[in-house]
Amino acid sequence: MYVATKGGERAIDAAHQWLAEERRGDPSAPELTIVQIREQMALAVNRVMAEGSLYDRDLAALAIKQARGDLIEAIFLIRAYRTTLPRFGASQPVDTDAMALSRRISATFKDAPGGQVLGPTFDYTHRLLDFTLMAEGEAPQAARKPADPAPAPHILQLLDRDGLMEPLPASDETPPDLTREPLEMPADRPLRLQALARGDEGFVLSMAYSTQRGYGRTHAFVGELRIGTCAVDMEIPELGFAIEIGEIELTECETVNQFTGSKTEPPQFTRGYGLVMGQSERKAISMSLVDRALRWAELGEDDMGAPAQDAEFVLYHCDNIQATGFLEHIKLPHYVDFQSELELIRKLRRDAGAETCKEAAE
Amino acid sequence: MGVLARARPAQLAALLPDLPAHDYLRAPETGCVMVRGRIGGAGAPFNLGEMTVTRCALKIDGGAVGHGYVQGRDKMHAMRAALVDALMQGNDAGRIEAEVLAPLRAEQSGQRLARAERAAATKVEFFTMVRGED
């Protein structure tokens with residue numbers, strides 16, 4: 001028998017009212033503005049943009065406020081909003097060589113042309129709580145120096161020139177899009193990179209860490225990590241040419257990986273690639289390590305059975321919105337499903353009980 | 001058009017307060033654009049994620065058609081960008097260039113320079129320590 005029930009509207013309304021009150025917190029404390037979140041919680045905003053897969057700082061800040069700082073909930077809000085927008089088209093691939101750099105470092109070449117530019121980094125801070133931030137102080141000012149107009153080419157091009165790097169085949173093929181077609185295996189590299197770029201930072205980090213600890217080891221060096229802004233150009237059909245439609249901040253990581261050669265490839269350095277919207281270097285480095293680990297088959301490496309080598313495992317579990325949707329749905333009413341489980345257990349126990357009685361009688 | 005796309009909506013509004021008469025060919029609408037990257041910076045393209053974009057097309061007196069594509073969700077921003085595009089095709093081009101585009105360009109290159117100068121201040125200067133064997 002199936003019994004439909006109804007109810008809970010009043011409780012739900014009251015719960016949402018309370019949520020709104022809790023979101024505001026102590027009314028004697030000033031209310032957060034979207035601009036404050038956008039400007040002062042910039043890295044949280046970046047994460048919501050990257051994993052929400054929509055570059056819009058104000059919307060990400062709004063989502064963080066609405067979600068009370070729960071970033072996965074905020075990412076959910078952005079993903080939901082995204083589906084309401086018509087898509088005007090796709091941009092031309094961004095030219096990260098022409099990035100206006102705020103940070104650019106290499107762990108492999110000390111004297112790379114363009115130099116090592118630290119940018120606004122947490123690196124080399126002492127990780128001691130700064131109690132002066134609890135007091136309202138003056139806005140700090142960054143140091144300045146005359147800018148060097150010399151270009152800062154990608155560092156791996158140096159190795160490329162000597163033929164020590166794996167070649168990077170250029171192409172203009174339209175890439176697959178997992179927001180339009182369901183993600184299916186086998187996934188080629190462009191599809192894997194799209195999934196990783198919007199994947200959960202924590203998950204991608206753990207996968208990358210697992211390769212460093214030996215589960216599908218790839219011996220990665222950060223050849224180059226750069227953060228800065230890139231122009232976004234798009235071909236406009238009604239104009240018949242491409243125009244710049246805006247600029248976005250990006251974090252790019254290229255790893256150089258030791259590779260002693262395989263049946264199909266000569267000894268050379270191989271590449272892992274990470275590109276993330278906003279300033280998010282932990283994610284970009286993680287992405288490039290996981291990208292490299294997933295390339296084992298095309299490079300003729302052995303399948304070590306490591307989780308980070310398993311594209312199906314990585315790509316089907318890296319999306320935190322899919323994951324949390326499926327995980328959290330189990331807290332919603334399953335009264336009917338559970339009722340049938342209950343019936344089943346009772347029946348099995350009854351049968352087992354009858355069996356025992358029969359045996360005892362014999 | 002990149003200058004208009006990157007402009008802060010409030011700044012463009014301040015520089016172009018008066019809106020000449022116009023008819024919409026496409027009323028301002030907000031949507032998104034899929035941003036692509038290239039594997040390794042130079043290889044095959046892949047889809048990175050989307051960005052919000054607002055666009056508009058209009059016609060001004062005299063028949064010039066203007067297109068505006070701007071980053072974000074501000075419809076007046078897209079409309080003003082389209083107006084500037086249309087006005088730049090007529091006799092007002094010199095005035096618009098001087099009153100709207102030049103100030104936007106100056107501000108944007110100022111911001112770019114300010115960032116480049118901050119970055120330059122964080123450039124590492126290596127120096128080699130004296131070796132011990134001499």
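A salt bridge is a side-chain nitrogen of Lys or Arg within 4 Å of a carboxyl oxygen of Asp or Glu. I looked up the count between chain A and chain B, and it is eight salt bridges. One of them joins the side chains of Arg26(B) and Glu238(A), at 3.0 Å from N to O.

I note that this is a predicted model, in which local features need pLDDT of at least 70, side-chain atom pairs count only at pLDDT 80 or more, and totals for chains, interfaces and linings use all residues. Residues are numbered from 1 along each chain as its sequence is written, chains are lettered from A in the order in which they are written, and side-chain values use heavy atoms, with hydrogens and water left out.

Next I looked up the contact (heavy atoms within 4.5 Å). Chain A gives 72 residues to it and chain B gives 52 residues. The buried area, meaning the accessible area (1.4 Å probe) that two parts lose on being put together, summed over both, is about 5600 Å² between chain A and chain B. Carbon and sulfur atoms give 62% of that area.

I then looked at strands, which are DSSP runs of E with at least two residues, numbered from the N terminus. Two strands pair if DSSP finds at least two bridges between them. Strand 2 (residues 87–90) of chain A and strand 1 (residues 22–38) of chain B run parallel and are joined by three bridges. I found that Gly89(A) has Val33(B), in strand 1 of chain B, as its bridge partner.

Note on methods
Helix = DSSP H or I, 4+ residues; strand = E, 2+ residues; numbered from the N terminus.
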